[in-house]
Amino acid sequence: MGTRQADAELRAAGEAPTAVPPSGAGKGRLTLLTPQQLRIARTVAQGATNREVARQLSISIRTVEYHPRNIFTQLGVRARVALARVLEPELLLPAPANGSADVSATCGVSPLT
């Protein structure tokens with residue numbers, strides 16, 4: 001098992017990764033997020049409300065309400081607009097094949113350009 005895979009599994013289990021995240025632009029900071037936080041962050045950055053995020057990701061509204069504050073702190077941003085700017089390069093890429101839904105297709109939110 002490689003370091004990246006081990007770190008991904010640790011993050012999925014809610015633990016801190018053992019490897020130092022790569023330095024650089026926004027991508028390095030995104031490695032600080034758990035997979036759940038990253039899915040929520042992507043959906044929020046696309047303009048979805050908390051209720052829309054909950055519906056899209058099949059999670060409770062309380063779960064969605066809990067995560068943005070932690071996501072903002074970990075990424076060093078203070079608002080949804082700043083979050084969208086951090087995630088903008090990633091949002092321009094095709095959606096991952098892990099089953100995360102495209103919010104723009106179902107709730108009328110246009111993707112960032």
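This is a predicted model: local features need pLDDT of at least 70, side-chain atom pairs count only at pLDDT 80 or more; totals for chains, interfaces and linings use all residues.
**Exercise 1. Determine how helix H3 is oriented against helix H5, and which residues make the contact.**

Step 1. Helix H3 covers residues 35-45 and helix H5 covers residues 61-75; their axes come within 10 Å and cross at roughly 95 degrees.

Step 2. Angles of 65 to 115 degrees count as roughly perpendicular. H3 is therefore roughly perpendicular to H5.

Step 3. On the H3 side, the contact is made by Gln-36, Gln-37, Ile-40 and Ala-41, and on the H5 side by Thr-63, His-67, Asn-70, Ile-71 and Gln-74.

**Exercise 2. Carry out the analysis for H3 and H6.**

Step 1. The axes of H3 and H6 come within 8 Å, with a crossing angle of roughly 105 degrees.

Step 2. H3 is therefore roughly perpendicular to H6.

Step 3. H3 contributes Leu-38, Ala-41, Arg-42, Val-44 and Ala-45 to the contact, while H6 contributes Arg-80, Leu-83, Ala-84, Leu-87, Glu-90 and Leu-91.

Step 4. The residues in the contact of H3 with H6 divide into eight nonpolar, no polar and three charged.

**Exercise 3. Describe helix H6 by its span and its buried residues.**

Step 1. A straight helix of twelve residues would span 16 Å at 1.5 Å a residue, but H6 spans only 14 Å between its end C-alpha atoms.

Step 2. Leu-83, Ala-84, Val-86, Leu-87, Glu-90 and Leu-91 are the buried residues of H6.

**Exercise 4. Identify which residues touch the most other members of the largest nonpolar core, and which elements supply the core.**

Step 1. In soluble globular proteins, nonpolar side chains tend to be buried together.

Step 2. The largest nonpolar core has 21 residues, of which Leu-30, Leu-33, Val-53, Ile-71, Leu-75, Leu-83 and Leu-87 touch the most other members.

Step 3. The elements giving two or more residues to this core are H3, helix H4 (50-57), H5 and helix H6 (80-91).

**Exercise 5. Decide whether Ala-54 is buried or exposed, and trace the surroundings of Ala-54 and Asn-50.**

Step 1. Ala-54 lies in helix H4, and Asn-50 also has its place in helix H4.

Step 2. Buried means under 20% relative accessible area. Ala-54 counts as buried because its relative accessibility is 8%.

Step 3. Ala-54 and Val-64 are ten residues apart along the chain, and their C-alpha atoms are separated by 6.2 Å. Not counting residues up to four places away in sequence, Ala-54 touches Ile-59, Ser-60, Ile-61 and Val-64.

Step 4. For Asn-50 and Thr-63, 13 residues apart along the chain, the C-alpha separation is 9.4 Å. With residues up to four places away in sequence again left out, Asn-50 touches Ile-61, Val-64, Glu-65 and Arg-80.

Conventions
Residues are numbered from 1 along each chain as its sequence is written. Side-chain values use heavy atoms; hydrogens and water are left out. Axes are lines fitted to C-alpha atoms, for helices over the stretch in contact, and angles run from 0 to 180 degrees between N-to-C directions. Helices (H or I, at least four residues) and strands (E, at least two) are DSSP runs, numbered from the N terminus. Angles under 35 degrees count as roughly parallel, over 145 as roughly antiparallel, 65 to 115 as roughly perpendicular and the rest as oblique. Contact means heavy atoms within 4.5 Å. A nonpolar core is a set of buried Ala, Val, Leu, Ile, Met, Phe, Trp, Tyr and Cys residues joined through side-chain atoms within 4.5 Å. Buried means under 20% relative accessible area, exposed over 50%, partly exposed in between (1.4 Å probe, protein chains only). The expected span of a helix is 1.5 Å times one less than its number of residues. Ala, Val, Leu, Ile, Met, Phe, Trp, Tyr, Cys and Pro count as nonpolar, Asp, Glu, Lys and Arg as charged, and the others, Gly among them, as polar.
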